[in-house]
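Please work through the exercises below with the sequence and the coordinates open beside you. Each task is followed by a solution in steps.

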Amino acid sequence: MNASAANIGVVGLAVMGSNLARNLASREGNTVAVYNRSREKTDALVAEHPEAGFIPSFSYEEFAASLTTPRTAIIMVKAGRGTDAVIDELVKVFEPGDIIVDGGNAYFPDTIRREKAVRETGINFVGAGISGGEEGALNGPSIMPGGSDESWVTLGPILTSIAAVAEGEPCVTHIGHNGAGHFVKMVHNGIEYADMQLIAEAYDLIRRGTGKTPAEIADIFTDWNGGELESYLIEITAEVLRQIDAETGKPLVDVILDQAGAKGTGAWTVQTALSLGVPVSGIAEATFARSLSSHPEQRRVAAALPGPDSTFEVDDVDAFVEDVRQALFASKIIAYSQGFDEIRAGAEEYDWSIDLGAVAKIWRAGCIIRAQFLNRIADAYAEEPGLPVLATAPYFADSIARGQGAWRRVVVAAAQAGIPAPAFSSSLAYYDGIRADRLPAALVQGQRDFFGAHTYKRIDKPGTFHTDWSGDRTESEAEDTH
Ligand SMILES: NC(=O)c1ccc[n+]([C@@H]2O[C@H](COP(=O)([O-])OP(=O)(O)OC[C@H]3O[C@@H](n4cnc5c(N)ncnc54)[C@H](OP(=O)(O)O)[C@@H]3O)[C@@H](O)[C@H]2O)c1
């Protein structure tokens, strides 16, 4: 048995867990206990990293004994049944007051369920979203922990020690109770889907509209990265576009199969948004665009369908590229505005107190959507914490006002050219919808009342009304049957 010497433990030593364990071990004051279901990974990690001073264990009992109290362990195993299996074992060997952290990509309702069950044993359970992949886990991720206030007292300093740092501030904050951390991580991934799709649409429009090569477009993205679009995703887009395939000598992007994969977090974000009644159309279109791309059998049969008669040719290339840049920025504002709207609605539904500005700040480093732009979001919420629509904050509203002409031209050009730009165009439709003085929803209410007596409200007096459509078409006061 190991003497109790470690202040933190990691269970699950595949790529993410081993990198996180090394990150923890490299920080002053941490001694790290490690455990993996199969012994080989533990042996390999300890042998390859003697500098880390890991305390290895080969049973859960030994692992628990190697930790000082309150025992704190981060689980980094395959999300789903693997997480439940590890929790079941840890609960047997931990004591009330100890802390179990799930750092995997759990679906937040699972985290709510697990937190409730584990709490009954007196042990704290914290679902923590950890972003940044392998590299982030090793050098500093953005961390989104949920769980109780009590667990944050012990866990806060440990997570702060390993988090990425943006402008001197650690990219970690206690998001809220139970599943709040995994909820916010889910929306982070949804926003990531939208951001990536928007960048891909910008690339496609420039390529097909101007005939520029991927390498030339890479230069455009590098240039954009010096301005308001500055972000990790724009930076890596330039890298990918510049890459030449060693085997064929062609741009790598031209030899990669055009079928985008997904691990499900985009779909979770959209499904949750549907339940909450929040229109995250940019994220939804990005998720559906991946689905559409991944049905080669449908694309094969549909390839014969006609497109527009004329070919797409841009007269003023520089002006078009600038239009696309502005359209990308405006659409990006909408995607983030929608994502933050989902977090706001989730917090309301699940009774979490989430500081939206703090969320923007912890995404500034260590995660995939890291960007300068997030400072502007933090500023907007600092100015007005209850801001109902992020896109209406002065900085964003001004940016859209400047770019909306370009945005509209690009969406029109895409439609006329037959180039799919679902995220660009749905973002614009959302923008026009949310700012509309009057929506055709009034007609929808009329239709609903006609076929289902679903009733409607009037603009000129209080109450709920129904028209006797199948009778004499007179209106009467009715019970609200929404
Ligand atoms: N945030 C990010 O950017 C990011 C990136 C990648 C992954 N992740 C998340 O991080 C977590 C770990 O990912 P990963 O890629 O390192 O590993 P992984 O491939 O998802 O899972 C492998 C690990 O899980 C363990 N495991 C699986 N089932 C188990 C069970 N029933 N009982 C005990 N252990 C079990 C395996 O142990 P054995 O060695 O014994 O098989 C191994 O250590 C996942 O939740 C993943 O979704 C996050």
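The exercises that follow treat cavities, annotated positions and aromatic pairs in turn.

The model is predicted, so local features need pLDDT of at least 70, side-chain atom pairs count only at pLDDT 80 or more, and totals for chains, interfaces and linings use all residues. Residues are numbered from 1 along each chain as its sequence is written, and side-chain values use heavy atoms, with hydrogens and water left out.

**Exercise 1. Describe the largest cavity by its volume, lining and contributing elements.**

Step 1. A cavity is a set of points, on a 1 Å grid over the protein atoms alone, where a 1.4 Å probe fits but cannot get out, and its lining residues have an atom within 4 Å of a point. A volume is the space filled by probe spheres set on the points, which are joined across faces, edges and corners.

Step 2. Two cavities of 30 Å³ or more are found in the structure, and the largest has a volume of about 50 Å³.

Step 3. The residues that line the largest cavity are Asn105, Ala106, His182, Lys185, Met186, Asn189, Thr265 and Trp268. Helices and strands here are DSSP runs (H or I, at least four residues, for helices; E, at least two, for strands), numbered from the N terminus. Two or more lining residues come from each of α8 (180–210) and α12 (265–276), and α8 supplies the largest share, four residues.

**Exercise 2. Find which helix gives the most to the lining of the second largest cavity.**

Step 1. The second largest cavity has a volume of about 30 Å³, and its lining includes Ser337, Phe340, Asp341 and Arg344.

Step 2. Helix α15 (residues 317–350) gives the most to this lining, with four residues.

**Exercise 3. Locate the "binding site" positions from UniProt, and examine Ser131 and His188 among them.**

Step 1. The unreviewed UniProt entry places this feature at Asn105, Ser131, Gly132, Gly133, His188, Asn189, Tyr193, Lys263, Arg290, Arg448 and His454; such annotations may be inferred rather than shown by experiment. These positions spread over 350 residues of sequence and, in space, up to 48.3 Å between C-alpha atoms. Of them, Asn105 and Asn189 are included in the lining of the largest cavity.

Step 2. Ser131 belongs to strand β6 (residues 124–131), and His188 to helix α8. With buried meaning under 20% relative accessible area, exposed over 50% and partly exposed in between (1.4 Å probe, protein chains only), Ser131 is buried at 3% and His188 is buried at 0%.

Step 3. Contact means heavy atoms within 4.5 Å. Leaving aside neighbours within four places in sequence, Ser131 has contacts that include His188, Lys185 and Cys367, while those of His188 include Ser131, Trp363 and Cys367.

**Exercise 4. Classify the ring pair of Tyr107 and Phe108, and then that of Phe183 and Tyr350.**

Step 1. Rings of Phe, Tyr and Trp (its six-membered ring) pair if their centres lie within 6.5 Å, and planes under 30 degrees apart count as stacked, over 60 as edge-to-face and the rest as tilted. A search of the whole structure gives 20 aromatic pairs.

Step 2. The ring centres of Tyr107 and Phe108 are 5.7 Å apart and their planes stand at 75 degrees, so this pair is edge-to-face.

Step 3. For Phe183 and Tyr350 the centres are 6.4 Å apart and the planes at 55 degrees, so this pair is tilted. The pair links distant parts of the chain, with Phe183 in helix α8 and Tyr350 in helix α15, 167 residues apart. Phe183 is buried at 0% relative accessible area, whereas Tyr350 is partly exposed at 32%.

How values were computed: 1 Å grid on protein atoms, 1.4 Å probe; cavity = no way out; pocket = protein on both sides within 12 Å on 5 of 7 lines; lining within 4 Å.
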